[in-house]
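Here are my notes for when you have the model open.

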Amino acid sequence: MSTPRRYHITTFGCQMNKADSERMAGILEDLGYIWSEEANDADLVLYNTCTIRDNAEQKVYSYLGRQAERKRQQPDLTLIVAGCVAQQEGESLLRRVPELDLVMGPQHANRLADLLTQVEAGSQVVATEEVEIAEDITQPRRDSTITAWVNVIYGCNERCTYCVVPNVRGREQSREPAAIRAEIEQLAAQGYREITLLGQNIDAYGRDLPGSTPEGRHLHTLTDLLYYVHDVPGIERIRFATSHPRYFTERLIRACAELPKVCEYFHIPFQSGDNDVLKAMARGYTVERYLRIVEQIREIIPDAAISADAIVAFPGETEEQFENTLKLVEQVGFDLVNTAAYSPRPGTPAANAPDQLSEEVKQDRLQRLNHLVAQMAADRSQRYLGRTEEVLIEATNPRNPQQVMGRTRTNRLVFCDGTIAQLEGQLVPVRITETRAFSLTGQILSPVAAGC
Ligand code: SAH
Ligand code: SF4
Ligand code: F3S
């Protein structure tokens, strides 16, 4: 009997890529492959790539260089580039790295088995054409046994002038509500407690769907979907990301307030705190509109956490415009902001703007913004001190084996003493004793309080 082939996947980029990698891992395991932690010990190496910023893309090339060299010694190594760099570069990746067997865009993730058959027949394969994304019938190999991603809409129809995502992820394609619910039911049956519904612009969910569920219900919005999947027994928490300020609705906030499993946490990128920059980005909303959303959230769910993404040093951004971003961050008091310096991306309008800013300006603004974000996050963390929070225990603290870690409903990371064997997947009340900008420490009030 031959020894099974071993596979390794390294994933770059966002949650969509993580979810795709889990599905591709499931497909490979169905084909009899077994996981190898080390890329260098694997017979099949797959890089699931990201091209959101130039440094994300460059990282892939350095990893790939090492594997290409290995392949020259070990010709039966299968080398695959999947994800967003694959989609962006297509054929030209083969010229750059001729050792590659397969270049596959994100829309082809569920077709990995077919594509490998073509590779085994001896061809180099490039799969980047726009396709209807097939419903996936394979069990993903999920990284966690407690929390799971569930894609609800693929692609993005927006055209933010800095962003490569619409080029590499294609047009919006919503999954049928019944298929989403079936996946969640299956997750519950496997013991998962928390799900995160995923989409690049999740508020667009359902716009492209023709009709209704088999039960004849019309489900055309994310809010409808939340009501539809909310009562799956066993699932205790539901999250969703990413929200777009242009489409965000009060109805959605009300649903979060009304549905007990939907967590009080909103991720709503604002990108810039200046109306002219927002216009140049083609974001389709104003700072005033963004602030109204925040106000509505705080009115309906006062303790909700709000996080966002922001870009500094967009082409032509003046010091004053940048300061408007600082002002917005200060005014809102975000729980977390993911920040980035603008990076020109191929095929996007902003990359051709004449007034690109220097690396010095980018780094200076990024540091100033990060400093403020950490300060605001620390302020927001303070409010948990002395409170008792419901925490879903997910894993051992990698830095301290005496501790476990989990998240509050508002998505704050919490560490507390305990062992994972006893606590994994439990919802426990934790009294918060220490706060830091991005995490908390606390004590579990009752050792095992299942379903508290
Ligand atoms: N769909 C989400 C974000 C997807 S990309 C939204 O509309 O907000 C994730 C984040 O990467 C973006 O929110 C943005 O802050 C950042 N990003 C995207 N393109 C970028 C670029 N060219 N340079 C720097 N950051 C970028
Ligand atoms: Fe990119 Fe804009 Fe789409 Fe978000 S909404 S993925 S930033 S184009
Ligand atoms: Fe990156 Fe593609 Fe996600 S470019 S951020 S992996 S959609």
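At roughly what angle do the axes of helix α9 and helix α11 cross? Keep in mind while looking that this is a predicted model.

1. Start with α9 (residues 250–258) and α11 (residues 287–300): their axes cross at roughly 25° and come within 10 Å. Angles under 35 degrees count as roughly parallel, so α9 runs roughly parallel to α11. As for handedness, α9 passes α11 in a right-handed crossing.

2. Now the side of α9 that touches its partner. Glu-250, Ile-253, Arg-254 and Ala-257 are the α9 residues here, and they meet Ile-293, Gln-296, Ile-297 and Ile-300 of α11. Sorted by class, this contact has 5 nonpolar, 1 polar and 2 charged residues.

3. Next, follow α11 to helix α12 (residues 319–332). The axes of these two come within 11 Å and cross at roughly 10°, which makes α11 roughly parallel to α12. From α11, the contact uses Val-287, Tyr-290, Leu-291, Val-294 and Arg-298; from α12, it uses Leu-328, Gln-331 and Val-332. The class count for α11 with α12 is 6 nonpolar, 1 polar and 1 charged.

Methods: Residues numbered from 1 in each chain as written. Chains lettered and ligands numbered in written order. Predicted model: local features only at pLDDT ≥ 70, side-chain atom pairs only at ≥ 80, totals over all residues. Heavy atoms only, no water. Axes fitted to C-alpha atoms, helices over the stretch in contact; angles between N-to-C directions. Helix = DSSP H or I, 4+ residues; strand = E, 2+ residues; numbered from the N terminus. Parallel < 35°, antiparallel > 145°, perpendicular 65-115°, else oblique. Left-handed = near helix turned anticlockwise from the far one by under 90°. Contact = heavy atoms within 4.5 Å. Nonpolar A, V, L, I, M, F, W, Y, C, P; charged D, E, K, R; others polar.
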